[in-house]
Amino acid sequence: MKANLDETIQKLTEFLKDEVKTDTIIGKEFKLGEFSCVPVMSIGLGVGAGGGEGTAQKGDQGEGAGGGAGMGMAPIGFLVTRGEQIQFIAAKGHGALATAFEKLPDLLGKYFESKKKATATA
């Protein structure tokens, strides 16, 4: 019985080693015009294994082992580069507050630039 359970767990482990790799989580780079994009994935795994043996009231003996694994993948976003700039773009939409915080550095930069120009011309 122990040998069957060990073999089942070994097969599950081999499956996971083959499926969960950096290439699975970080996809292959592709180009969109002047942008280089790399997809980033989220992976969820579930693994289970068990076994047992016993004797029925009639005297029949039995044993068994089983295991299973499941995997789900979904894109969470893209790493996007253009020249020296790099940015992570989420695949799912953001709430209003998150969007505002993302735009805050650009808005502050424009504000301070306009203040600088106004001071220079005054």
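Trainee: Which residue is the bridge partner of L32 in β2?
Mentor: Strands here are DSSP runs of E with at least two residues, numbered from the N terminus, and two strands pair if DSSP finds at least two bridges between them. In this model, L32 has F35 of β2 as its bridge partner. β1 and β2 pair in the antiparallel sense over three bridges. Two residues lie between the strands of this hairpin, and G33 takes a positive phi near 60° there.

Trainee: Before we go on, what kind of model is this?
Mentor: It is a predicted model, where local features need pLDDT of at least 70, side-chain atom pairs count only at pLDDT 80 or more, and totals for chains, interfaces and linings use all residues. Residues are numbered from 1 along each chain as its sequence is written, and side-chain values use heavy atoms, with hydrogens and water left out.

Trainee: Over how many bridges do β2 and β3 pair?
Mentor: β2 and β3 pair over 20 bridges, in the antiparallel sense. T55 stands opposite Q61 in β3. The hairpin of β2 and β3 has five residues between the strands, and G59 in its turn has a positive phi of about 100°.

Trainee: Where is G50 placed?
Mentor: G50 sits in strand β2, which covers residues 35-55. For exposure, buried means under 20% relative accessible area, exposed over 50%, and partly exposed in between (1.4 Å probe, protein chains only). G50 counts as partly exposed because its relative accessibility is 32%. The C-alpha atoms of G50 and G68 are 9.4 Å apart, with the two residues 18 apart along the chain.

Trainee: How is a pair of aromatic rings described?
Mentor: By the distance of the centres and the angle of the planes. Rings of Phe, Tyr and Trp (its six-membered ring) pair if their centres lie within 6.5 Å; planes under 30 degrees apart count as stacked, over 60 as edge-to-face and the rest as tilted. The count by this rule is one aromatic pair. F30 and F78 form an edge-to-face pair, at 6.2 Å centre to centre with 90° between the planes.

Trainee: Which parts does the pair of F30 and F78 tie together?
Mentor: F30 lies in strand β1 (residues 30-32) and F78 in strand β3 (residues 61-82), so the pair ties together parts that are 48 residues apart in sequence. F30 is partly exposed at 33% relative accessibility, and F78 is partly exposed at 29%.

Definitions and conventions:
Helices (H or I, at least four residues) and strands (E, at least two) are DSSP runs, numbered from the N terminus.
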